[in-house]
Amino acid sequence: MNTPLRARASTHHRALLIAPETSALHKSNTNRNLYLFMLEEDLHHQHYAYKAGIGYEGIEHTRGDDIISSLLHELDYHRGRDGFRLFTQLVSTVACDHLTHGKCIFELFSEDEGGDSTPRLGILPGWSLRKHWRKTLQVGSNSGKLTWQEIPESALVEFHIPDRLEKALRRTKERLQVIDKYRPGDFNMLTSTSSTGYEFSAHKRTLDEISAQATKEIGWDGRGLFLSRATDSYRTYRRLRFLHTWLTIVSATTSTLNRIFANPTVNGGTPFTVHTTGLPTIEQVEHDMAAVTAGTKPLGDIFNRTLQPRYR
C-alpha cells in the first residue's frame, strides 16, 4: 500500500447506475428483500445511540478531518459531512457490502484537484466486479455493450472483517432471503394454503421463531419483531450481540484505514492513525453479555450505560 498512486482505472459508481446496460446488470444482481433492507438500515444507525467521534494520533484534528474527508469524498452523498460522519458511512458500506456481496473493495487512486494530486477511495460496487485469471475486472458500457476493464491489483483496497463474522453475515443473508418468501400475507403462500386453511397469527409466530434463530449469530432481532415472546434478559442479550457485531466491523474498518494512512502518498509525509471516541469497547460489551447470562447486573444499567447512553 506504499506504492505511488495511479490515476483512476475504475468507472464512477454513479455512472454505472446511469448507463442502461450496467444499470440492468445492477438490478439483476442485487436482491434486497425487506428483512435485508431493515438489517442494513439498523447497521447504519447504530452510532446514533452514542455521542461518538473520531480522534487522530500524530496529526492535528483539523488536518486529519481534511484528509479523511478528501479520501472518502465519494461517500459524501449529502456534501459537507465531517470526518466522523464519513467514517460511519464507510463502516455502513463495509457492513452492507459484506452482507450483500461477501466482500468490500475500493480503489485507491490519485485525482487532480486544483493542480494538486489528491488521494481518493473510489467505490467499487460488488455487483460490478468479477475475477478472471487472478485479475479484477469491472463492468462498463461502450456503444450499448458491456465491457470489462481491469483494475490494477496494486490499487485495490479490501476492507476485511474477521472470517467468523464474514461467514455469519453470509449465512444470515441466505436464511433471511428464504424466510422473506414466506412472509404473512404473501400472495403465493395464501393461494397454496387456501384449501387447508390459514391462521395468520400462527404463521407469524412460526416465522418470528425461525427468523430469531436465523439471525442469532449476529444478534439482530428485526427491530424487536422476532422476539415478541422473549424475556427482557434475552432481548437485552441479543441487542448486545448485535452491538458486538457492529463494533467488530468498526474495529476492522479502522484497522484498514490506518494501513491506508501509513502510506506517505496519502498522509503527505506525516504518519498518523485514527480511532473512535465515545463508543463502548468490544470487551465492555462481552462483559455485559456475560453479566446478562449470569444475572449479575441490572438490565436498566446495561441499557443506559452501553446500549443507549446518549439518551439517559
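Reader: Which residues have the most contacts inside the largest nonpolar core?

Author: Happy to start there, keeping in mind that this is a predicted model. A nonpolar core is a set of buried residues joined through side-chain atoms within 4.5 Å. Here the largest one has 64 residues, and Leu 121, Phe 159, Leu 257, Ile 260 and Phe 261 have the most contacts inside it.

Reader: Which helix gives the most to this core?

Author: That is helix H9, residues 232–261, with eleven residues. Take Leu 257 as an example: leaving aside residues up to four places away in sequence, Leu 257 touches Ile 68, Leu 71, Phe 87, Leu 90, Phe 159 and Val 274. There is also a second, separate core of five residues, among them Ile 105, Leu 124, Leu 129 and Leu 156.

Reader: Now to helix H2. Which of its residues are buried, and why do they line one face?

Author: The general idea first: an α-helix has 3.6 residues a turn, so residues three or four places apart point the same way. In H2, residues 20–29, the buried residues are Thr 22, Ser 23 and Leu 25. Viewed down the axis of H2, they fall within an arc of 155 degrees, so they line one face of the helix. On the face turned away from the buried side sit the exposed residues Pro 20, Lys 27 and Ser 28.

Reader: What covers the buried residues of H2?

Author: The cover includes helix H1 (13–18), strand E5 (135–142) and strand E6 (145–151).

Reader: Let us turn to Leu 43. Is Leu 43 buried or exposed?

Author: Buried means under 20% relative accessible area. Leu 43, which lies in helix H3, has a relative accessible area of 3%, so Leu 43 is buried. Not counting residues up to four places away in sequence, Leu 43 touches Ala 95, Phe 242 and Trp 246. The C-alpha atoms of Leu 43 and Phe 242 are separated by 8.7 Å, with the two residues 199 apart along the chain.

Reader: And how do I read a pocket? What lines the second largest pocket?

Author: Rolling a probe the size of a water molecule over the atoms shows where empty space is left. In this model, about 370 Å³ of space lies in the second largest pocket. Its lining has 18 residues, and nearest the centre are Asp 42, Gln 46, Arg 239, Phe 242 and Gln 308. By class, the lining has eight nonpolar, five polar and five charged residues.

Reader: Which helix supplies the largest share of that lining?

Author: H9 does, with four residues. Helix H3 (34–45) and H9 each supply at least two residues of the lining.

Notes. Residues numbered from 1 in each chain as written. Predicted model: local features only at pLDDT ≥ 70, side-chain atom pairs only at ≥ 80, totals over all residues. Heavy atoms only, no water. Buried < 20%, exposed > 50% of the residue type's maximum accessible area, 1.4 Å probe, protein only. Contact = heavy atoms within 4.5 Å. 1 Å grid on protein atoms, 1.4 Å probe; cavity = no way out; pocket = protein on both sides within 12 Å on 5 of 7 lines; lining within 4 Å. Points joined across faces, edges and corners; volume = space filled by probe spheres on them. Nonpolar A, V, L, I, M, F, W, Y, C, P; charged D, E, K, R; others polar. Arc of directions from axis to C-beta.
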